[in-house]
Amino acid sequence: MTRDWYAWHADYEQPGSALSRRLAEVRVRVREALDAAPAGPLRAISLCAGQGHDLIPVLAAHPRRDDVTARLVELDPRNAEVARRAAAEAGLTGVEVVVGDAALTDRYADFAPADLVLVCGVFGNIVDADVRATVGHCAALCATGGTVFWTRHRREPDLVPTICEWFAEEGFTPVAVSSPADGVGVGVHRFTGTPRPLPPGVTMFEFVGGRRLARP
């Protein structure tokens, strides 16, 4: 059965849930990156952005809000409409919400490389080979000195240490990675290399969902 990704967002509203704790951690890290960002215009992109909870509330309350142009890509039009409405209500005229497949590189061709790249809720829903490929594409999506935010559960087999190694291979340095004891996996890496050209017409990953991945 296909998961209802609109209903799935309800767990964000449950105090103490894994999603609410993950969301709080991601927002802290996004806020820190905005605090540390150099003066001038900033770009942000969010893959599989859902209802925009990771980014929109942080931008709405941040002094750099008007410096940021953002593109959020989400397949479910119901979630995209929630994100679009939240951005409008916050007066974030620089936030664009696109309905479409976030795995396609063409969605970002005119926007990359960006200063903030959010890949939250993705790595736990794609196969390991696609995680590796997406980490590689982050070196094209992210500007030099930019930051990638990503999430992945810490259940066994715990892929987080390997993901960190993959980021290192692509020219990223770790900023913060939550421990298994936290119960949620949030990673933040800064890109110190030179962005590669973003290849056109490429599907970076197939979003299969955690339930399908967990099946024997």
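**Reading a predicted model, feature by feature**

Analyst: D67 is partly exposed, with a relative accessible area of 30%, and this value, like the others discussed here, comes from a predicted model.

User: Which side chain does D67 meet in a salt bridge, and at what N to O distance?

Analyst: The partner of D67 is R64, and the N to O distance in this salt bridge is 2.5 Å. Since buried means under 20% relative accessible area, R64 counts as buried at 14%, whereas D67, at 30%, is partly exposed.

User: How many salt bridges does the structure hold, and which residues are linked in a network of them?

Analyst: The structure holds 14 salt bridges, and a network of such bridges links R132, E169, E170 and R196. Another pair is R154 and D158, whose side chains meet at 2.7 Å, N to O; R154 is buried with a relative accessible area of 14%, and D158 is buried as well, with 18%.

User: Where do R71 and D110 lie, and how far apart in sequence are the parts that this pair ties together?

Analyst: The side chains of R71 and D110 form a salt bridge of 2.6 Å, N to O. R71 belongs to strand 2 (residues 68-74) and D110 to the loop between strand 3 and strand 4, so the pair ties together parts that are 39 residues apart in sequence. R71 itself is buried, at 8% relative accessibility.

User: In what order do the strands form the sheet, and which are the edge strands?

Analyst: The sheet is open and has seven strands in the order 3-2-1-4-5-7-6, with mixed pairing. Its edge strands, strand 3 (95-99) and strand 6 (172-177), each pair on one side only, and from one strand to the next the twist averages 15°. Strand 1 (residues 42-47) pairs with strand 4 (residues 114-119) in the parallel sense, over three bridges, and I45 has V117 in strand 4 as its bridge partner.

User: Which strands does helix 5 touch, and why do its buried residues line one face?

Analyst: Helix 5 (residues 160-169) packs on the sheet, where it touches strand 5, strand 6 and strand 7, and its direction makes about 170° with that of strand 5. Its buried residues are V160, I163, C164, W166 and F167. Seen down the helix axis, these buried residues fall within an arc of 160°, so they line one face of helix 5. They pack against helix 4, strand 5, strand 6 and strand 7, and helix 5 is followed by G171, which has a positive phi near 95°.

User: What is the phi of C48, and which peptide bonds to P113 and P157 are cis or trans?

Analyst: C48 has a positive phi of about 50° although it is not a glycine, and its place is the loop between strand 1 and helix 2 (56-61). The peptide bond from A112 to P113 is cis, with omega near 5°, and P113 sits in the loop between strand 3 and strand 4. The peptide bond from E156 to P157 is cis, with omega near -5°, and P157 is found in the loop between strand 5 and helix 5.

Technical notes. Residues are numbered from 1 along each chain as its sequence is written. This is a predicted model: local features need pLDDT of at least 70, side-chain atom pairs count only at pLDDT 80 or more; totals for chains, interfaces and linings use all residues. Side-chain values use heavy atoms; hydrogens and water are left out. Two strands pair if DSSP finds at least two bridges between them. Helices (H or I, at least four residues) and strands (E, at least two) are DSSP runs, numbered from the N terminus. Axes are lines fitted to C-alpha atoms, for helices over the stretch in contact, and angles run from 0 to 180 degrees between N-to-C directions. Contact means heavy atoms within 4.5 Å. Buried means under 20% relative accessible area, exposed over 50%, partly exposed in between (1.4 Å probe, protein chains only). The arc is that of the directions from the helix axis to the C-beta atoms. A salt bridge is a side-chain nitrogen of Lys or Arg within 4 Å of a carboxyl oxygen of Asp or Glu.
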